[in-house]
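Please open the model in a viewer and keep the selection panel at hand.

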Amino acid sequence: SKEKKRYMGDTKHFCPVSLKENFVLYPGLHEHAAKYQDKIYYFSTSEYRDKFLKNPEEYVAHNEPIQAPPLRVCLLGTHGAGKTTCARQIADKLGIFHIQFEEYLQELILPKTKEKVRRHFDEEPEEDDNKMTILSQELEDFSQTMTKTETEKSKQEVELTDEEEAIKANLMDNKALPPEVLDNIVPHWWMKEPFRSTGFILDGFPRTSDEARYLSERGLCPDVVVYIKVEESDILDRLFPPRLKKWKERQYKKMENKKKLKDLKAKIRV
């Protein structure tokens, strides 16, 4: 007798429970397989397999095919590779959302910080920063532009929560974001509207093996991961000119501050 052909279930090798409940295509495993109406279904966990077997009609197709989730893309690459430019073009062409991860983090704390947080490697050397700090303090003392009340109010405005401090440390020093902070950010794009039904291209996440492991553990599977590889010389040509321009602007600003300080001291002597 001929061997019976094994037919896969409606969701093929993806877990039907993950698709139904989380709207995510999560690959099933052979060790978590189950048979229903002569079809084989694969599940991401044994718990999901047991849940399916208790009420299989909730997870199988009936009058029409099961709806697949929208496209979810992770776009990776080194700093200066052109991820954001490519992501905007892809999002516009496919009609999905573009999420720039670091920009999103900046927006979360911007109401408190009042300006974007800069990475330490974007700043001037510590010695120059100390000189600027002393110079700025002297200017502030001479001009007396801020009252004590205004200073205290300014300090209150920049008090950050533990989560905001973690985000700031990530932006400044590239310190890893704790899972509990990621839980308040990342699952939203998979689980909630309007991202859930439209799809997105996530620009710059995951950035580390720990962040990739976080996505896997939470069952947040991208459909496509694209890594942009660029020659170092191309990145230098792209990043060096604006950094040089910024350095020149800071040097000009320091000269201006020194001149202002000199003029103020002259007025005081008079």
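**Stop 1: serine 44**

Select serine 44 together with Cys15, Ser18, Tyr26, Pro27, Gly28, Leu29 and His32, the residues that serine 44 touches when those up to four places away in sequence are not counted; a contact means heavy atoms within 4.5 Å. The model is a predicted one, in which local features need pLDDT of at least 70 and side-chain atom pairs count only at pLDDT 80 or more, whereas totals for chains, interfaces and linings use all residues. Residues are numbered from 1 along each chain as its sequence is written, and side-chain values use heavy atoms, with hydrogens and water left out.

Serine 44 lies in the loop between β3 (39-43) and α2 (46-54). Helices (H or I, at least four residues) and strands (E, at least two) are DSSP runs, numbered from the N terminus. Is serine 44 buried or exposed? Its relative accessibility is 11%, so serine 44 counts as buried; the classes are buried under 20% relative accessible area, exposed over 50% and partly exposed in between, with a 1.4 Å probe and protein chains only.

Now display the side chains of serine 44 and serine 18, which are joined by a polar contact of 3.4 Å. Such a contact is a pair of N or O atoms within 3.5 Å; within protein, one must be able to donate a hydrogen and the other to accept it, and residues adjacent in sequence count only if both atoms are side-chain atoms.

**Stop 2: helix α11**

Select residues 209-217, helix α11, and highlight its buried residues Glu211, Tyr214 and Leu215. Viewed down the axis of α11, these buried residues fall within an arc of 95°, so they line one face of the helix; the arc is that of the directions from the helix axis to the C-beta atoms. The face turned away from the buried side carries the exposed residues Ser209 and Glu217. Glycine 219 follows α11 and has a positive phi, near 70°.

**Stop 3: valine 226**

Move to valine 226 in strand β7. Valine 226 has a relative accessible area of 34% and is therefore partly exposed.

**Stop 4: the whole chain**

Of its 270 residues, 30% count as buried. Among contacts in the chain with a separation of 6 or more, 71% are between residues 24 or more positions apart.
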